[in-house]
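Dear colleague,

Please find below the structure that I am handing over to you. My findings follow it.

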Amino acid sequence: MKKKILKKADSQLFFIFPTIAVFSIAVLIPFAYGLYLTFMNMPTIISTPIFGGLVNYKAAIKDSMFWSSMWLTVKYVAITVVLVNALGFALALLVTSGVKAQNFFRTSLFIPNLIGGLVLGYIWQFIFVQTLPAFGEKFGIEIFRLGWLGDADLAFWALVIVSVWQLAGYMMIIFIAGLVTVPKDVLEAATIDGANSWKRLINVTMPLMRPAFVITIFMTLKNSFMVYDINYSLTAGGPFNSTMMVSMNIVKKAFAENNYGMGQAEAIILFIIVAAISGVQVYIGKKGELKA
Amino acid sequence: MSNTKLIKRILTYMSLVFTFVIFTFPFFLMIVNSFKTNGEILQSPFSLPHSLNFSHFIEVINKMNFSVSFMNSLLITVLSTILIVLFSSMTAYYLVRNNNRFSKIFFSVLVASMIIPFQSLMIPLIYIYGARLNLIDTIPIPLLIILYAGFGSALTVFFYHGFIKSIPIELEEAALLDGCTRRQTFFKIVFPMLTPTSLTVTILNVMWIWNDYLLPSLILSKENLYTMPIKMKVFNGTYMNNWELLIPALLLTIIPILVVYFIAQRKIIEGVMHGAIK
């Protein structure tokens, strides 16, 4: 009997222990320890942490650089989420509208997703620094002649453009997967009832696509809140820290200024904001879901 | 075909072709300019090169120590993905087939953890495994692989969980009655049936790990351990604005994943689609 229990425990451990171990090492322990760190005072990385109460959170709340980067990130997230989903959905509709070479368009529009944000940032740096000014010069288009990355506002929009360009193809694929599940007979019934293609899209297709939107909005939200690579390689936060997103601000605080406690307090504030926004988004999205 | 239909069709094609041009233009620019000298690039970035001059590619391959960082990226991506697929499928199988209280709690914790941004974990990660345990200096690559296995497990278990639920239990029961152990049943009967999901999660994890920059940049400090994105960042720092070298370097960095994509594009697109439906 005892042997049997041991054997059963052994077999259970075999199946779940590896995941429990790696998940704890990578996520659970750092998360818990990270919370603990925010309540500790650490003048340097190697000094023993001393309990400091809310001192790090107070410093984080007073850190104007943190809040300006947070505000910039929120603006960036709002614009990117809308543009990526609108463009992704529009492309999905175009690609599935019965055109020839459907696969060709689908395949090529997905390519930007294959490449990491860091490399994409460098590629687009070439475009914003060399190509567009040359283009503007040649055809006398003023907006392109300016060096976009040297201007605070234009550099922000450069980040938005590259992000939308990168993510729209991925969301398009998810929307295509969703469009396939919209039942043909429902669309036909709407046509017989006299709905034109615009009405069919708004009143039939879009509501049925709600589950796809819940996923794509969640993915773009989380992705854009965490943006770092493109930010780092395209603008490096410049000019004069005007495009520094929250993620880069935290990396700088922690690893350039060695202020782990305060950096982590800011990271926890970021976590709370992301969790709250995406939690509400998924809740609202799921609540009104229609069953086809 | 009626007139409005024809116009609609033409507009559809025009917008698709326009988007296609915009989406692929950056790659076109990279290819065209990779054969030019700095002077030619500055003069006219759009024109076709005079000749197919590969000398900059060769220079970059030598200067970048390209093969070393390629092998590092490959090793880290392959090993991490194998661990994720193996561990997560086993765990999801256990969680579905033993639907007790522990399983429910563990699964909820995994799903909830997907909302945690990496930025909220990276400082404690560096503090614990660097400053405290010194693993970043002693075993950086194994540490990185284990961290990837941990970060990838939540989403991957979630995918397998959804798929295993739809597999009838009868086959496994028959195998168990025939004297198979649970391990044998899993590896010989269940795991092969999971192949479509395994393919999807492999694609998603490989795309993420291969391109990841922030985590490896915090953990790999020795140059001979750099992955390709870190190498590219360092190269960009050394040859700032020296486009005749930077462009071939960027192209070389993206070619491996593009080659894989052109060979397996159907599977990759399908994988992303499957990944989204759940």
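A residue is called buried here if 20 or more other C-beta atoms lie within 10 Å of its own, exposed if 12 or fewer, and partly exposed in between, with C-beta atoms placed from the backbone. The model is predicted: local features need pLDDT of at least 70 and side-chain atom pairs count only at pLDDT 80 or more, while totals for chains, interfaces and linings use all residues. Residues are numbered from 1 along each chain as its sequence is written, and chains are lettered from A and ligands numbered from 1 in the order in which they are written.

Helix α6 of chain B

In α6(B), the buried residues are B:Gln119, B:Ser120, B:Leu121, B:Met122, B:Ile123, B:Pro124, B:Leu125, B:Ile126, B:Tyr127 and B:Tyr129. Because ten of its 14 residues are buried, α6(B) is largely enclosed by the rest of the structure. From first C-alpha to last, α6(B) reaches 19 Å, close to the 20 Å expected at 1.5 Å a residue (the expected span is 1.5 Å times one less than the number of residues). Just after this helix, B:Asn134 takes a positive phi of about 60°.

Chain B as a whole

Chain B has 14 helices and zero strands, where helices (H or I, at least four residues) and strands (E, at least two) are DSSP runs numbered from the N terminus. The radius of gyration of chain B, taken over C-alpha atoms, is 24 Å, whereas a compact globule of 278 residues would have one near 19 Å (the globule rule is 2.2 Å times the number of residues to the power 0.38). The C-alpha trace of chain B spans about 75 × 70 × 35 Å along its principal axes. Of the 278 residues of chain B, 42% count as buried.

The nonpolar core

A nonpolar core is a set of buried Ala, Val, Leu, Ile, Met, Phe, Trp, Tyr and Cys residues joined through C-beta atoms within 7 Å. The largest has 150 residues, and A:Val119, A:Met172, B:Tyr93 and B:Leu250 have the most contacts inside it. Helix α7 of chain A (residues 152-180) gives the most to this core, with 16 residues. Beyond its neighbours within four places in sequence, B:Tyr93 is in contact with A:Phe15, B:Ile164, B:Phe186 and B:Val190.

With kind regards

Definitions and conventions
Two residues are in contact if their C-beta atoms, placed from the backbone, lie within 7 Å.
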